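Hi everyone, thanks for coming. Have a look at the structure on the screen, and then I'll talk you through some of its charged pairs.

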Amino acid sequence: MLKFRIIRGGLRLLGIRRASTVPAASPHARRLEYKPIKKVMVANRGEIAIRVFRACTELGIRTVAIYSEQDTGQMHRQKADEAYLIGRGLAPVQAYLHIPDIIKVAKENNVDAVHPGYGFLSERADFAQACQDAGVRFIGPSPEVVRKMGDKVEARAIAISAGVPVVPGTDAPITSLHEAHEFSNTYGFPIIFKAAYGGGGRGMRVVHSYEELEENYNRAYSEALAAFGNGALFVEKFIEKPRHIEVQILGDQYGNILHLYERDCSIQRRHQKVVEIAPAAHLDPQLRARLTSDSVKLAKQVGYENAGTVEFLVDKHGKHYFIEVNSRLQVEHTVTEEITDVDLVHAQIHVAEGRSLPDLGLRQENIRINGCAIQCRVTTEDPARSFQPDTGRIEVFRSGEGMGIRLDNASAFQGAVISPHYDSLLVKVIAHGKDHPTAATKMSRALAEFRVRGVKLFAPPCPYALPSPRGPWEGSGSPALLFRLFKPGSLLGHIQTNIPFLQNVLNNQQFLAGTVDTQFIDENPELFQLRPAQNRAQKLLHYLGHVMVNGPTTPIPVKASPSPTDPIVPAVPIGPPPAGFRDILLREGPEGFARAVRNHQGLLLMDTTFRDAHQSLLATRVRTHDLKKIAPYVAHNFSKLFSIENWGGATFDVAMRFLYECPWRRLQELRELIPNIPFQMLLRGANAVGYTNYPDNVVFKFCEVAKENGMDVFRVFDSLNYMPNLLLGMEAAGNAGGVVEAAISYTGDVADPSRTKYSLQYYMGLAEELVRAGTHILCIKDMAGLLKPTACTMLVRSLRDRFPDLPLHIHTHDTSGAGVAAMLACAQAGADVVDVAADSMSGMTSQPSMGALVACTRGTPMDTGVLLESVFDYSEYWEGARGLYAAFDCTATMKSGNSDVYENEIPGGQYTNLHFQAHSMGLGSKFKEVKKAYVEANQMLGDLIKVTPSSKIVGDLAQFMVQNGLSRAEAEAQAEELSFPRSVVEFLQGYIGIPHGGFPEPLRSKVLKDLPRVEGRPGASLPPLDLQLLEKELIERHGEEVTPEDVLSAAIYPDVFAHFKDFTATFGPLDSLNTRLFLQGPKIAEEFEVELERGKTLHIKALAISDLNRAGQRQVFFELNGQLRSILVKDTQAMKEMHFHPKALKDVKGQIGAPMPGKVIDIKVAAGAKVAKGQPLCVLSAMKMETVVTSPMEGTVRKVHVTTDMTLEGDDLILEIE
């Protein structure tokens, strides 16, 4: 039967009386000879080894380090006078636990004494005895005292005999789960398991119910065994919400014992101390006296020598309970040194030499508290991921320093590798001030100065032949391969530290008031509202390095380098820009704005240079960086413009997909720079800015948020002129408070009586419906540039006669070369606004020339009021900017416009894209056939209005026909057997609406067979999207900084947005790079500046690129602000030929990834097993801490990807549940 003991008054008195029978140690009981120590070996690693080496150096003692095979790059071996490898072939932790190797090194190298540090062998009596047997002094208590204090059960019995109160618990280590059950039955829950032969939180588990008992018993036993070589446990009643107070003691070999006051170690996470304070704030003086008196009493009871710590729990009633003695130096000894001015390591060494405490000037009456000290342990643990340790390579390390700050460094330096095998401590930061608030302020300031930057690494694969570095334009530079092989957050993710969490602790009012207990972290969830480090410079270097190694991150149609010179930005006058039409809109609203447009004398222009022009000529690749440069000039010199088209359409997804920009941020920044000119966007009716149908609430919310961010005019169109889709877009734009410009998409030729499908009557009928629906402005959207001057006159004059008070706006493309003539004809017929582009961005598949329209109307009733000289300067800028995008310029393959557009009716932007695609597919010489097939495909589908997305459907079918060598007749005859492009099938199903004249039969029936058909407006049947739920999911994936704009981007382009967020979390801020650097990266030895924000500029120089290493990486060297920086970049071409463990994807619910790097020590399920939510799946061990991976869902295990003893990196795929 297991026996338990509770402290009662009588028993305590008995303990005191029994203690009195033990002979007290006396200074005269023995005579010891003083033997100076000449060489000290530290049987430890990292920070504590360095701390002891420094003390030895100050005392003139030679130092010896030991290190494992995994620690060859650690700083502690460089800080010692000598360093020797131990534990060859052993596991990382076992190397430092291998006593024979350590003793052998000590003997072979004439070591006088061994300092054990903390952890590892520091509390192993057999190690202390082995040192003594080998004739080497052990800097610590005697082996017998180490044994007694290391066995927590025996230490507990000694405390009882000394009259020190203890927590109810077992008298001896338990040997079975049954005994734990028995204890729980007697004392109830909660209880706590503790390792009998070690501390530091290892082997410690709190249990709150019988259901948790078995799992926690097994985990505590396994952890204790791994950390201390002995899995023995004892069990205690768990005291809830206590303060954890420990007393520093120091004894010599003559029986002198003194205390150096207490430390408050209550701020803990998983029973491991995070922040330590000396002295404990607001500690009752009488309680302090009892704690220190009991500590000295207990030390004298066992004849304690050297440094040690007596630990207590103090409950809410001020009662204290002994929990253990740490017979070694503590991690937090530093705060005691700061407030007492006693060097504990010096004292340890001197005591081991045989000197007495009085000899050292250490008498209890002389020990005084001087101020307050706080210690923070800076680690690479990520608080946002339950403090899972990050491992990888440190690329930047800058510490906080200054008055009152002490740093005890572990191995934090540029190039250091944080290993998964050991503790993730980087540095201990100790702040000393006159009181607790002062010390907290100094600590907070110091932590704010830290800069720790690094990337997570993964285990290197098998050796790989080292190819030569490729040129910047060779191979696949797209990061898509990188993101398929590895989850961005783990492979390219940046090392996180606990500094943001520590800063939250230091700013917490409860902490500043000094009223914390061991539940402080658990009860303050706001501590985890972390402000992430910007890490901007290092992210930029990673991007530049990636481009230098792998080539451009955006697909490049042709091999053409960006212009080496930047465009010339014309001068801009100081002061605000002149008033423009937006001032009227803001003052009078959409209706008043429309009246002002209609009443305006002269022709108004809309500039498409910021959107449609570069979409047509430069594959929509123009970056916000170049738009912002010219924006102030536009605001000051083109205030008479009707509007600037700068958003929506293809620019929305391309910004995220290829330019890695937030389209909303573009809108916000341009709005700030151009406050006086209305902005206009392209809204695809019920498709918003996407290519498919969305729930109605998404379209309405999109327009609302766009208006809030500065959009003014919504050009609403539908690719089929399908009225239900148009009306939805108009209603959404109108409800948002925007100017509604309903657009009729134009095709055919109203002047050709043989073209009867799209006649003048058809367009007039559409106009009647749109005007009745309440449009503010009516637009004719001629996407292919089919409007000839005669047709312009007929259509516009008819509209003007029918709607004399309605502003008319005409949009065309200049593919045929007749665009200027057509727009002049429209103006003469009564159009109020026509679309133009800067001269150097006009013509071909873009809009007509701004300069030509300005010049042709100057001095006439249609005078635009725009200065021609301003147009010239504007054009010069864009001519230079266009050179930066040479790889995307349509002139690389297309040298002129073509009047055959009147036959094939290909929209301007699509004409450019098809030309590029034909050349990239080797069909450049067959582009004539592609255009012919486009005509046939259009007729097959019933002669459609061709605007995105209907134009894409026709184009997809045309390319399908060319690739398969099919004529129209053959495609129609074989329609039942052919696998048509998905876009064609979905069109025939009715997913984008109903075309004028209906669907083509019998083609539709042949293609669809039994596939479902959509009746009516496609989006009408879609249920509303839960935007709040989507926001919550985005926060879970991407963190707290998710905006309403982000939610809409994810709603419309979920995959594109997810990739964009992952990419920019790894690389960025890319908008600060000029376009040549963004596309091509720097050349070796090139120096350049990057302005992050006003007053913060980086000076960068690219230095070199290394050969490929075994992990498929190249090291890229830079000079940043005069300091050397190097980064490791994955070579995507080399990685194609290497094998890596797959990563778990966040957005795939059933994929379970490793929460931290570690070793698989137990797998609890197999493929095919049924699992419940919360059920343990496997157990990982890392840094001597075990973590149980539980199932986040109920389901069946589809596949297990790991085996026992396998070493995993963070987020490695463990198993899949379905």
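So, a salt bridge here is a side-chain nitrogen of Lys or Arg within 4 Å of a carboxyl oxygen of Asp or Glu. Before we use that: this is a predicted model, where local features need pLDDT of at least 70, side-chain atom pairs count only at pLDDT 80 or more, and totals for chains, interfaces and linings use all residues. Residues are numbered from 1 along each chain as its sequence is written, and side-chain values use heavy atoms, with hydrogens and water left out.

How many salt bridges does a search of the whole structure find? It's 66.

Take Glu276 and Arg377, whose side chains meet in one at 2.4 Å, N to O. Glu276 sits in strand E13 and Arg377 in strand E16, 101 residues apart. (Strands, E, are DSSP runs of at least two residues, helices, H or I, of at least four, numbered from the N terminus.) Both residues are buried, meaning under 20% relative accessible area; exposed is over 50% and partly exposed in between, with a 1.4 Å probe and protein chains only. They also belong to a network of salt bridges, with Glu246 and Lys273 among the other members.

Next, Arg243 and Asp264 form a salt bridge at 2.8 Å, N to O. Arg243 is in strand E11 and Asp264 in strand E12, so this pair ties together parts 21 residues apart in sequence. Arg243 and Asp264 are buried too.

Last one: Glu972 and Arg968, at 3.2 Å, N to O. Both lie in helix H36, four residues apart, about one turn of the helix. Buried or partly exposed, what is Glu972? Partly exposed, at 27%, and Arg968 is partly exposed as well, at 30%.
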